[in-house]
Amino acid sequence: MELESRHLRVVCAVAEHNSLTRAAAALGMSQPNLSRQLQRLERALGGALFVRHERGTSPTPLGSYVLARARAVLPAMDELSLAASRHCGAVVETERLRCGATQGPLGTRLMPILRELNPAAEVTLLSEDSGALLCDLVVGGFIELAALVESAGYEAPARPELDRRVVATAPMCLLLAETHPLAARFEVDLAELTGEDWVIKPPADNRIRENLTMACHERGFEPVIRYEAGASEARELIRDGYAIGLGLSTFRATPGIAVRPIVGDPFWEKNELVWHKTGPLADIGDKLVGRARVAYQEAAEQSPARKARRDREQRQRV
């Protein structure tokens, strides 16, 4: 049996949907047909690629290896096919618009925007911690759009293949328990946080640790980064008083967590959209950015960070 791209797509679909039935539906084939293809592929490769359990499917060690190689190979093959079609002057219809997003306000808000701009396309969303990886996926043709949130001044290097547009730049805020003594302030000086335990996102390439460390060093102390956690775990640690953290300007109101501006606004976030300069979104990039800016402002207006800054400004005027 000769390995083909369609076989690799089967492996990727099963891993993505965690179910043979859902994977078959996504690929537009029957579940028995997908099962037969997967079995033939497993015989050709010499071992099982997935194990079934009550929660769905999980890749075996061999499956994980094949999956990693498939995810590396398929974007390059798709990009080659797309580039060749464009080179020959063919009209390439976009059947899917795949968006990848780091944690931030734009990911889910882009879904209705993309559906409005291209009603015929199937729109999907991939969450990922690494902005650099998302840019690689755009370059490789695995996704058409990436929504990034980076620390301003600590951005990943530009890529010549990509069009990169800023949607919004805004100061980040301090998150702390409502029972914390500093929660009574209208704003908090970073220098007052000496000895506090911090929680940050797990280090991928977001450079939050570097940004926080440099700002604290300028004020004469080393931050105690005690925890690395995802969004939900970080909220619990902050709410329960185990740590403090940094929040985006669009941070949603959370019971038990106070949102306060930091004196001098030492931390800034940059929200960006990234697409391939020759990709299917190149012609509607300006419209996409315009709609995204409106969506961002709507999210920011609803956030406690915006109210906290207004309270600070009003107090400063008094």
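Modeller: A residue is called buried here when its relative accessible area is under 20%. With that cut-off, take helix 7, residues 208-218. Its buried residues are Ile208, Asn211, Leu212, Thr213, Ala215 and Cys216. One caution before going on: this is a predicted model.

What do the buried residues of helix 7 pack against? They pack against strand 5 (145-151), strand 8 (197-200) and strand 9 (224-228). After the helix comes Gly220, with a positive phi near 90°.

Start with Ile208, which lies in helix 7. Ile208 counts as buried because its relative accessible area is 15%, and the limit is 20%. Set aside neighbours within four places in sequence, and Ile208 is in contact with Ser151, Ile200 and Lys201. Leu246 is 38 residues from Ile208 in sequence. In space, the two are 9.2 Å apart, C-alpha to C-alpha.

Now follow strand 5, one of the strands that helix 7 packs against. An open sheet of five strands has the order 4-3-5-12-6. The pairing in this sheet is mixed. Its edges are strand 4 (122-127) and strand 6 (162-171), each pairing on one side only. On average, neighbouring strands are turned by 20° against each other, direction ignored.

Strand 5 pairs with strand 12, residues 268-276. The two run antiparallel, over six bridges. Within strand 12, Glu272 stands opposite Leu148. As a general point, side chains in a regular strand alternate between the two faces of the sheet.

The loop between strand 11 and strand 12 holds Asp265. Asp265 has a phi near 45°, a positive value in a residue other than glycine. Is Asp265 buried or exposed? It is buried, because its relative accessible area is 17% and the limit is 20%.

Four bridges link strand 7 (residues 173-177) to strand 11, in the antiparallel sense. Ala177 faces Ile257 of strand 11 across that pairing.

Next, a helix pair elsewhere in the chain. Helix 5 (residues 110-117) and helix 9 (residues 285-301) pack at an angle of about 145°. Their axes are 10 Å apart, and the crossing is right-handed. From helix 5, the contact uses Leu110, Ile113, Leu114, Glu116 and Leu117. From helix 9, it uses Lys287, Leu288, Arg291, Ala292 and Ala295. By class, that contact has seven nonpolar, no polar and three charged residues.

Strand 1 (residues 50-53) and strand 2 (residues 56-59) run antiparallel and are joined by four bridges. Two residues lie between them in the hairpin. Val51 has Ser58 of strand 2 as its bridge partner.

Finally, the whole chain. It has ten helices and twelve strands. The C-alpha trace spans about 75 × 45 × 30 Å along its principal axes. Of its 318 residues, 43% are buried. Take the contacts between residues at least 6 apart in sequence: 72% of them join residues at least 24 apart.

As for confidence, the mean pLDDT of the chain is 86. A value of 70 or more is reached by 93% of the residues. Among the elements, strand 7 has the highest mean pLDDT, 96. Helix 4 (residues 61-87) has the lowest, 76.

Methods. Residues are numbered from 1 along each chain as its sequence is written. This is a predicted model: local features need pLDDT of at least 70, side-chain atom pairs count only at pLDDT 80 or more; totals for chains, interfaces and linings use all residues. Side-chain values use heavy atoms; hydrogens and water are left out. Buried means under 20% relative accessible area, exposed over 50%, partly exposed in between (1.4 Å probe, protein chains only). Contact means heavy atoms within 4.5 Å. Axes are lines fitted to C-alpha atoms, for helices over the stretch in contact, and angles run from 0 to 180 degrees between N-to-C directions. A crossing is left-handed if the near helix is turned anticlockwise from the far one by less than a right angle, and right-handed if clockwise. Ala, Val, Leu, Ile, Met, Phe, Trp, Tyr, Cys and Pro count as nonpolar, Asp, Glu, Lys and Arg as charged, and the others, Gly among them, as polar. Two strands pair if DSSP finds at least two bridges between them. pLDDT is the predictor's confidence in each residue, from 0 to 100.
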